[in-house]
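Subject: Structure for your review

Dear colleague,

Please find below the structure that I am handing over to you. My notes on what was found in it follow directly after.

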Amino acid sequence: MRRVVVTGLGMVTPLGTGVETSWNRLVAAESGLRRIDRFDVSDLPAKVAGLVPGEGEPGGFRPTDFIDAKELRRNDHFIVLAMAAAAEAIADSGIPLATDEQKNRSGVLIGSGIGGLNAIADAALVLEKQGPRRISPFFIPSALINLAGGQVSIKYGLRGPNHSVVTACSTGAHAIGDASRLIRYGDADVMVAGGTEAAVGRLGLAGFAAARALSTGYNDTPEKASRPWDKGRDGFVMAEGAGVLVLEEYEHAKARGAKIYAEIKGYGLSGDAYHVTAPSPDGDGGFRSMTAALRSAGLTPADIDYVNAHGTSTPLGDELELGAVKRLFGDAMKNVSMSSTKSAIGHLLGAAGTVEAIFSILAIRHGIAPPTLNLENPEEAAEGVDLVPLKAKERRIRNALSNSFGFGGTNASLIVGVPD
Amino acid sequence: MSDIAERVKKIVVEHLGVEEAKVQENASFVDDLGADSLDTVELVMAFEEEFGVEIPDDAAEKILTVKDAIDFIKANS
């Protein structure tokens, strides 16, 4: 079986532009959550979000570094963020894209949970107020989810598989898993894979708030709002950003002397078949996706040193995931560190799975488990479990498991590790 | 009336991201200025908005150069 390794990393998160900035601030226990100031939130119950810092702030994002001014107007922000993360990952990997053969064997698989929600909201208002003749010819391509990958493919000449994923908050994990299988099956040697999201807006916030999914009790202390497994948690915090990996067939990467960050060792998928927004109360969906990932990796729980949890800071979800992990790991639980990086960056929805896979890879590379911020008063079920509260922890990490669970009952688990 | 020409050229520069010097009156949007089919639709919309005119589809199809646009707007605004 062909093996798949990671040779390039790129991200834009509420902790900043670029992998190094985001990681350094993450392990320094900094928060990317803030009071929303881009638009009116006076009539919304949730007023905090993880927003990518703007120009002039530390790690500030400047769109025109990644897309020209003309194209910027024609693309929803979720596409712009994906292009930025892809630019970093592709440059980092040094993949050759000169010959027809190289281009034809390199593909893209970038997804989003929601896509161009703000573009759709804006266009609907134009339609209502000014009529159909004022709708831009670029409206549809600015909002379509697969156009994040489409734009990346056009910019870099990636002419292999051109695919996308839409599985809510599992999107970013499914993108990596599915792209790695395209390489395993020989459809491509290189895949640029990831997730992107930019749905923080009045419509997105109103929708998630109506579903009673968001934190509303920390509007005046935004950095405290995301607190996985803490007794005071009251919902997730919406966030924006993108993560992109360059995945490459192992021998292909070795032959060109590429820097290899990690191997994609395992990938598991499952469905809850239970409810549109609530997780199955027995936590079995997550348990089965993790089990499937271990099976595909040929590993046991004792081989896993770090779990990057889905851990969104919702009352029910955190408890069920913790229960499922404990049930799966059994005695091996005492040697595992598990944290939720959503405590620092919020929930990047369709980008979360990719950004968290990158954090898991960096945890392995640097021997550091990133912290769970705001875990001041853990729930009882967390007794005896190392949830890396408040501060990062140095430790040896050979293999890491990253979970993503989405609306619709869609679950994905990835295992990344040091290549044997 | 030269004001119309200047405003047309400004819109073309902004929407197509081309250098001002290239936007001569005889320049073709597609052949000389690199516009594709979506660009030309957007350009016509921008002319409509700027000059408060309606450019029907059959007229828009005949606006192929900078001069075509200027002439249409002069005749209809």
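I begin with a contact inside chain A: the side chains of A:Arg227 and A:Glu376 meet in a salt bridge, with N to O at 3.0 Å (a salt bridge is a side-chain nitrogen of Lys or Arg within 4 Å of a carboxyl oxygen of Asp or Glu). This pair links distant parts of the chain, 149 residues apart. A:Arg227 is in the loop between helix 9 (202-210) and strand 8 (241-249) of chain A, and A:Glu376 is in the loop between strand 12 (368-369) and strand 13 (393-394) of chain A. Helices (H or I, at least four residues) and strands (E, at least two) are DSSP runs, numbered from the N terminus. A:Arg227 is buried, at a relative accessible area of 5%, whereas A:Glu376 is partly exposed, at 48%. Here buried means under 20% relative accessible area, exposed over 50%, and partly exposed in between (1.4 Å probe, protein chains only).

Before the remaining findings, a word on conventions. This is a predicted model, in which local features need pLDDT of at least 70 and side-chain atom pairs count only at pLDDT 80 or more, while totals for chains, interfaces and linings use all residues. Residues are numbered from 1 along each chain as its sequence is written, chains are lettered from A and ligands numbered from 1 in the order in which they are written, and side-chain values use heavy atoms, with hydrogens and water left out.

Further salt bridges

Over all chains, the structure holds 36 salt bridges. Another of them joins A:Glu356 and A:Lys342, whose closest N and O atoms are 3.0 Å apart. Because A:Glu356 lies in helix 14 (residues 352-366) and A:Lys342 in helix 13 (residues 342-345) of chain A, the pair ties together parts that are 14 residues apart in sequence. A:Glu356 is buried, with a relative accessible area of 1%, and A:Lys342 also counts as buried, at 1% relative accessibility.

The interface of chain B and chain A

On the side of chain B, 14 residues are in contact with nine residues of chain A, where contact means heavy atoms within 4.5 Å. The area buried between the two chains is about 1100 Å², and carbon and sulfur atoms give 42% of this area. Buried area is the accessible area (1.4 Å probe) that two parts lose on being put together, summed over both. Within chain B, the residues that lose the most area to chain A are B:Leu38, B:Glu42 and B:Met45, which together account for 46% of what that side buries.

The rule finds five salt bridges across this interface. One joins the side chains of A:Arg134 and B:Glu49, at 2.5 Å from N to O. This pair crosses from the loop between helix 5 (117-130) and helix 6 (139-143) of chain A to helix 2 of chain B. A:Arg134 counts as buried, at 17% relative accessibility, while B:Glu49 is exposed, with a relative accessible area of 54%.

Helix 1 (2-16) and helix 2 (37-51) of chain B each supply at least two residues of the side that touches chain A. Helix 2 of chain B gives the most to that side, with seven residues.

Helix 11 of chain A

The 14 residues of helix 11 (residues 284-297) of chain A should span 20 Å at 1.5 Å a residue, and the end C-alpha atoms are 20 Å apart, which agrees. The expected span is 1.5 Å times one less than the number of residues. The buried residues of this helix include A:Phe287, A:Met290 and A:Leu294. Its buried residues pack against strand 9 (262-271), helix 12 (315-329), strand 14 (399-406) and strand 15 (410-417) of chain A. Just after helix 11, A:Gly298 takes a positive phi of about 70°.

Yours sincerely
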